[in-house]
Amino acid sequence: MFNENAKSAWDRVKLARDAGRPHIVDFIANCLDDFEELHGDRLVNDDRAMVAGFGTMGSEKVLVLGHRKGATVEENMASNFGMVNPDGYRKAMRLAKLAERFGNPIVTFVDTPGAYPGREAEERGQAEAIAKSLEFFSLLKTPVVVVVTGEGGSGGALAIAVGDKVLMMENAVYSVISPEGCAGILWRDGAKAPEAAEALKITAADLKRLGAIDEVVPEPEGGAQADKKAACAEVKRAVLAAIAELKKLSVDELLDRRYAKLRAYGNFYK
């Protein structure tokens, strides 16, 4: 069991951003067999910041979707630092529809500072793509398991984070805005980011307490980057357990529970 008081919120932000943390390629390599990546949104291009493909996890054939952030400067630049364009979200929806057709569960790996905020992304409908993705995943007739593995930044993360079970690694963070951005708005001082991180309640422990996520996935001592294989094994265990639970539900039960889950967000008084 993880010790939720062992690190400050800012400590966890720094761990979540550590380049040595397992990224989507590590989870694919350690959690799946026979992974086949698929490409393109059939409208504009193939966004390398969004990985999508089918593979086998345990005995389950699943669709994997996830942000590709990269571990080096070269990888960061090739994948736009994990910031997805509208094409990436449309690719995710295209393949999620295919998974629904064949009854395959969907597993999404969330790790992004946010959606790409550039002019070309806005011109191609960034806000519409995110909004459409939220609606699309809320109505999808197949189990969806979400894993926040690093940074869960704003709408860029939320676009593929609507699911039946939302898991979060112990040192991941998930927030509507970065601590630096929050500090700049509230105090006009980015140096107060550690204070903002505490106030935002962005850690796995905080979000579990608030009911925004379902399960905290423990990490090895020193963080997931200290033992990637062990960290990936914990994620695989948690995902397969979630899929097994969700597959017991009928489609109607799945959709009703997902709807109730989404409607309950923001209701912190019980």
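## Cavity

In this predicted model, the structure holds one cavity of 30 Å³ or more. The volume of this largest cavity is about 30 Å³. Its lining is made up of His 23, Ile 24, Phe 27, His 67, Phe 109, Asp 111 and Thr 149. Helix H2 (24-31) and strand S4 (106-112) are the elements that give two or more residues to this lining. By type, the lining residues of the largest cavity divide into three nonpolar, three polar and one charged.

Strand S2 spans residues 50-57 and is mostly covered, with eight of its eight residues buried. Met 50, Ala 52, Phe 54 and Thr 56 point one way from S2. Val 51, Gly 53, Gly 55 and Met 57 point the other way, and the residues of both sets are all buried.

S2 pairs in the antiparallel sense with strand S1 (residues 33-37) over three bridges. Here Glu 36 stands opposite Phe 54 of S2. S2 also pairs with strand S3 (residues 60-67), again in the antiparallel sense, over eight bridges. In this pairing Thr 56 stands opposite Lys 61 of S3. The hairpin of S2 and S3 has two residues between the strands, and Gly 58 takes a positive phi near 65° there.

## Helix H1

Helix H1, residues 9-16, is mostly covered, and six of its eight residues are buried. These are Ala 9, Trp 10, Arg 12, Val 13, Leu 15 and Ala 16.

Technical notes:
Residues are numbered from 1 along each chain as its sequence is written. This is a predicted model: local features need pLDDT of at least 70, side-chain atom pairs count only at pLDDT 80 or more; totals for chains, interfaces and linings use all residues. Side-chain values use heavy atoms; hydrogens and water are left out. Buried means under 20% relative accessible area, exposed over 50%, partly exposed in between (1.4 Å probe, protein chains only). Helices (H or I, at least four residues) and strands (E, at least two) are DSSP runs, numbered from the N terminus. On a 1 Å grid over the protein atoms alone, a cavity is a set of points where a 1.4 Å probe fits but cannot get out, and a pocket is an open set with protein on both sides within 12 Å along at least five of seven lines; lining residues have an atom within 4 Å of a point. Grid points are joined across faces, edges and corners, and a volume is the space filled by probe spheres set on the points. Ala, Val, Leu, Ile, Met, Phe, Trp, Tyr, Cys and Pro count as nonpolar, Asp, Glu, Lys and Arg as charged, and the others, Gly among them, as polar. Two strands pair if DSSP finds at least two bridges between them.
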